[in-house]
Amino acid sequence: MDDVELTSLREEHLLSSLVRARKPTGPKPTGKCLWCEEPMPDTEQRWCDAGCRDDYAAAEKNAPHLIP
Ligand SMILES: [Zn+2]
């Protein structure tokens with residue numbers, strides 16, 4: 001493998017990791033749990049626990065009208 005090949009491989013890898021990092025956009029954190037609207041101490045957090053996150057994800061898929 002020559003240098004050019006190596007560089008393009010590295011760029012490809014960088015690009016795909018950038019795309020992956022940007023991909024799961026989803027809802028923005030609001031300071032409250034997006035499911036039960038419990039105030040969140042950590043403003044970057046979107047759900048108070050995995051249960052809320054799972055319920056939200058399920059509702060998003062099956063019953064978007066249930067989302068607060
Ligand atoms: Zn919650």
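**View 1. Burial across the protein chain.** Of the 68 residues in the protein chain, 9% are buried (20 or more other C-beta atoms within 10 Å of a residue's own; exposed is 12 or fewer, partly exposed is in between, and C-beta atoms are placed from the backbone). Please keep in mind that this is a predicted model, in which local features need pLDDT of at least 70, side-chain atom pairs count only at pLDDT 80 or more, and totals for chains, interfaces and linings use all residues. Residues are numbered from 1 along each chain as its sequence is written.

View 2. The protein chain has 2 helices and 0 strands (DSSP runs numbered from the N terminus: H or I of at least four residues for helices, E of at least two for strands). Among its contacts with a separation of 6 or more, 3% join residues 24 or more positions apart; a contact here means C-beta atoms, placed from the backbone, within 7 Å.

**View 3. The largest nonpolar core.** Cys33, Leu34, Trp35, Trp47 and Tyr56 are its 5 residues (a nonpolar core being a set of buried Ala, Val, Leu, Ile, Met, Phe, Trp, Tyr and Cys residues joined through C-beta atoms within 7 Å). Leaving aside residues up to four places away in sequence, Tyr56 touches Leu34, Trp35, Trp47 and Ile67.

**View 4. Pro41 in the loop.** Pro41 sits between helix H1 (3–22) and helix H2 (50–62). Pro41 counts as exposed because it has 8 C-beta neighbours inside 10 Å. Gly31, 10 residues away in sequence, lies 7.3 Å from Pro41, C-alpha to C-alpha.

**View 5. The backbone at Glu37.** Glu37 is also found in the loop between H1 and H2. Though not a glycine, Glu37 has a positive phi of about 65°. Most residues other than glycine have a negative phi. Glu37 has 12 C-beta neighbours inside 10 Å, so it counts as exposed.

Methods:
Two residues are in contact if their C-beta atoms, placed from the backbone, lie within 7 Å.
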